[in-house]
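Here is a report on the fold, written for reading beside the model. Start with the structure itself, then take the sections in order.

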Amino acid sequence: MKKIICGVFVLFACTFIFGKAKKVPAQSFLCMDTVCSVNLYDDGTEKIYKEISDCLLKIERTFSSTDKNSFLYKLNENGYTKNFTGDFLEFLSLYQPAYAVSKISDGAFDLSVNPLIELWNIKAENPKVPAEEDIKKTLLKVGWKNLPDATSEEDLNKPLFQFGEAGMSINFGAAAKGYAADCICAILRRNKVQKAIVDLGGNIYCYGKKENGKPWTVGIKNPEEPAGNPLLKLTTESTSVVTSGTYERFFIQDGKKYHHILDPKTGYPVDNDLASVTIICCSSTAADIFSTTFFVLGQDEAIKRLSEFEWIFFTNFEAVFVYKDGTVTATPGLKGKLEFYGNNDGRQIQFISNVKHLDLEATKKAAEKKAVENGGRF
């Protein structure tokens with residue numbers, strides 16, 4: 001899972017001439033432990049980029065697990081916080097969906113995995129495999145069932161938001177970049193931006209369409225050569241594209257590779273045949289969370305439960321699975337949009353059969369009917 005966070009840095013170009021906003025080129029931000037780029041093309045102004053900078057600062061101050069002044073750091077240190085502060089409400093806006101995924105996936109995605117992240121410390125200069133006894137002890141501090149229930153009004157109305165076990169802590173490294181991208185897109189909508197590319201350290205949001213009305217083209221990295229040409233290219237519009245892979249952060253010990261995607265149940269990096277999972281979805285928060293969730297679950301279980309997961313965010317999404325042996329599978333909604341980049345060595349993308357998405361229209365009508373029966377309450 002991905003750790004966050006550093007400070008935020010942005011360099012602005014000059015702005016207003018004779019009262020008219022001057023177009024500002026693409027901007028870069030140091031945020032969430034990575035370089036983030038935002039290109040608003042013809043609609044880019046200092047005002048909008050400043051809104052984006054302020055937004056990212058607020059997200060850092062809320063969700064950083066390493067900044068001692070952040071809301072999350074203090075929550076992790078104390079094991080509790082008072083409800084209904086402004087920072088708590090911001091925190092809750094991401095905690096609620098992340099907790100829901102932790103619950104419905106039975107911990108394949110688990111917000112409380114932070115003690116394991118700290119134990120493995122894969123970002124250290126010389127990381128090493130922790131002692132088995134230390135992993136066992138740390139696992140006692142991990143478990144979403146000991147977190148306050150974000151689906152329970154009773155839990156959320158208590159005076160304190162409190163962890164159920166001593167030593168627990170949570171981490172939004174597999175959700176915060178997606179959440180930030182969605183917050184940025186909300187700013188773009190308010191300012192009537194027509195098109196943009198938001199790249200938060202590889203979490204891509206293709207906003208709108210290109211100037212010629214055509215879709216964007218996004219590359220999906222080759223896990224064997226992540227710094228080289230992409231393995232796949234995808235055409236898309238108004239969607240987020242997020243990948244979780246074993247190539248992102250890892251170390252080698254005794255000839256074995258240990259990557260950063262940890263299994264909250266075993267305490268070790270996930271050990272399966274996958275090299276990466278990419279989620280394509282209009283919600284970047286969902287894409288971020290489920291790229292990790294699907295990697296932990298594996299293709300069969302993830303696809304089997306696809307409509308359950310889509311229900312949480314009330315949106316459909318597509319998935320691409322890249323295996324260690326070079327096999328590529330994808331959901332059928334990507335037919336005609338996904339292909340190999342360059343030489344494919346004779347390989348073909350295998351589109352998964354029997355994929356059942358959530359029926360959004362039927363679900364909406366059922367909810368509206370229930371609301372009418374309950375006097376207007378959903």
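## Basis

Helices (H or I, at least four residues) and strands (E, at least two) are DSSP runs, numbered from the N terminus. This is a predicted model: local features need pLDDT of at least 70, side-chain atom pairs count only at pLDDT 80 or more, and totals for chains, interfaces and linings use all residues. Residues are numbered from 1 along each chain as its sequence is written, and side-chain values use heavy atoms, with hydrogens and water left out.

## Helix H2 and its end

Gly-79 follows helix H2 (residues 71-78) and has a positive phi, near 85 degrees. Within H2, Phe-71, Leu-72, Tyr-73, Leu-75 and Asn-76 are buried (under 20% relative accessible area, with exposed over 50% and partly exposed in between; 1.4 Å probe, protein chains only). These buried residues pack against H1, strand E5 (80-82), H3, helix H4 (114-120) and strand E6 (160-162).

## Nonpolar cores

A nonpolar core is a set of buried Ala, Val, Leu, Ile, Met, Phe, Trp, Tyr and Cys residues joined through side-chain atoms within 4.5 Å. The largest one here has 79 residues. Ile-52, Phe-91, Tyr-95, Ile-170, Phe-172, Leu-188 and Phe-294 touch the most other members. Helix H7 (residues 176-190) supplies the largest share, nine residues. A second, separate core has 19 residues, among them Val-241, Ile-280, Ala-330 and Ile-349.

What does Ile-170 contact, leaving aside its neighbours within four places in sequence? Its partners include Leu-72, Leu-75, Asn-76, Phe-91, Tyr-95 and Phe-163. Contact means heavy atoms within 4.5 Å.

## The nine-stranded sheet

Nine strands form an open sheet with mixed pairing, in the order E3-E4-E7-E8-E11-E14-E15-E16-E18. Two strands pair if DSSP finds at least two bridges between them. Strand E3 (27-31) and strand E18 (350-351) stand at the edges with a single partner strand each, so one side of each has no neighbour in the sheet. Strand E11 (residues 239-245) pairs with strand E14 (residues 274-281) in the antiparallel sense, over six bridges. Val-241 has Ile-280 in E14 as its bridge partner.

Helices pack on this sheet. H1 (residues 46-63) touches E3 and strand E4 (34-39), and its direction makes about 10 degrees with that of E3. H8 (residues 284-297) touches strand E8 (203-207), E11, E14 and strand E15 (317-323). The direction of H8 makes about 155 degrees with that of E14. Axes are lines fitted to C-alpha atoms, for helices over the stretch in contact, and angles run from 0 to 180 degrees between N-to-C directions.

## Helix pairs

H1 and H3 pack at about 90 degrees, with axes 10 Å apart. That makes H1 roughly perpendicular to H3 (65 to 115 degrees; under 35 is roughly parallel, over 145 roughly antiparallel and the rest oblique). Lys-58, Ile-59, Thr-62 and Phe-63 in H1 meet Asp-87, Glu-90, Phe-91 and Leu-94 in H3.

H3 (residues 86-104) and H10 (residues 306-313) pack at about 160 degrees, with axes 10 Å apart. H3 is therefore roughly antiparallel to H10. Pro-97, Ala-100, Val-101 and Ile-104 in H3 meet Glu-308, Phe-309, Ile-312 and Phe-313 in H10.

Strands E12 (residues 250-253) and E13 (residues 256-259) run antiparallel, joined by four bridges. They form a hairpin with two residues between them, and Asp-254 in the turn has a positive phi of about 55 degrees. Gln-253 stands opposite Lys-256 in E13.
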